[in-house]
Amino acid sequence: MNALLTLFDLLLTLTLLGLAVVTVTSRELRRAVILFIAFGLLLALVWARLRAPDLALAEAAIGAGLSGALMLAAARRASGRKTSTGEDSDAKDAP
Amino acid sequence: MDPLQLLSGALLLVGAFFFIAGTVGLIRLHDRFSRLHALTKADNVGLGFIVLGLMPLAPDLFYGLKLVLVWLLVVIAGATGAHLIAKRALRGDGEDVL
Amino acid sequence: MSTSLLSVALVLMAGIAAGLIRVAIGPTPSDRMMAAQLMGTSGIGVILLLAPVLAVPALIDVALIFSLLAAVAVTAFTRRRLTNHGD
């Protein structure tokens, strides 16, 4: 039981750290925003593991949900402005 | 070990299997629509079995109703999201296909 | 009983860690969003399993918020720009 809980904590922390590194080092706006939403979900999971359900609620609602949606809208406008002036687009991300 | 706990454990195992299958499908499949298919299976069936397995452990009726409410919301969100993503991919009108 | 709950939660956590691969390498943004949605659903499963293990029943409200915000994130992601593309 205790060893399982330690293993769970280790996996959670390693995933959170890897997600943070990938988020900070990503070059595209949209990719960074989606990774940020996933990071907020995992951070809420960490708060839930630490027996703080109110903090997990606030993190999931504000950190992952609302600011994630706002940042998606902002990233869309920024990329639209960049492509309309003819600079580099994120065309390498197209299917 | 009474039979109710045994049933609960079996249902939880089935749910975990569906989650594993969905994750493997999301990583291994090549087409976008196949990946969408794998994702929705993990969403609906996997979480449904996990909620069903947690149901005998619920302390009171209200908690059980909340469990069912979580599953219903996930099903609605999953269906809406899958339709939106598939429509966006079919029409090719997203911002990533400029 | 709580050992088996915790092992199922561990399996789901491994699924989240594996879904991170698809979020990181996914060729299109749709793939990334799908993987993020799977991570959210697995997170709901982990929270529902952790609530009896940690003896914190209030965690189910966190799961409710997770399930509400999954729809918000996907809808915000697939919204189109109305000014340029028309239609």
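The buried residues of α1(A) pack against α2 (29–49) of chain A, together with α1 of chain C. Buried means that 20 or more other C-beta atoms, placed from the backbone, lie within 10 Å of the residue's own. In α1(A), these residues are Phe8(A), Thr15(A) and Leu19(A). Helices are DSSP runs (H or I, at least four residues), numbered from the N terminus. The model is predicted: local features need pLDDT of at least 70, side-chain atom pairs count only at pLDDT 80 or more, and totals for chains, interfaces and linings use all residues. Residues are numbered from 1 along each chain as its sequence is written, and chains are lettered from A and ligands numbered from 1 in the order in which they are written.

Helix α1 of chain A covers residues 2–24. Its 23 residues should span 33 Å at 1.5 Å a residue, and the end C-alpha atoms are 33 Å apart, which agrees. The expected span is 1.5 Å times one less than the number of residues.

α2(A) and α2(C) pack at about 5°, with their axes 10 Å apart. The two helices are therefore roughly parallel (angle under 35 degrees). Axes are lines fitted to C-alpha atoms over the stretch in contact, and angles run from 0 to 180 degrees between N-to-C directions. Contributors from α2(A) include Ile34(A), Leu41(A) and Leu45(A), and those from α2(C) include Met33(C), Gly40(C) and Ile47(C).

Chain C also touches chain B: 39 residues of chain C are in contact with 38 residues of chain B (C-beta atoms, placed from the backbone, within 7 Å). On the chain C side, α2(C) gives the largest share, 14 residues.

Methods: Contact = placed C-beta atoms within 7 Å. Buried ≥ 20, exposed ≤ 12 C-beta atoms within 10 Å, placed from the backbone. Parallel < 35°, antiparallel > 145°, perpendicular 65-115°, else oblique.
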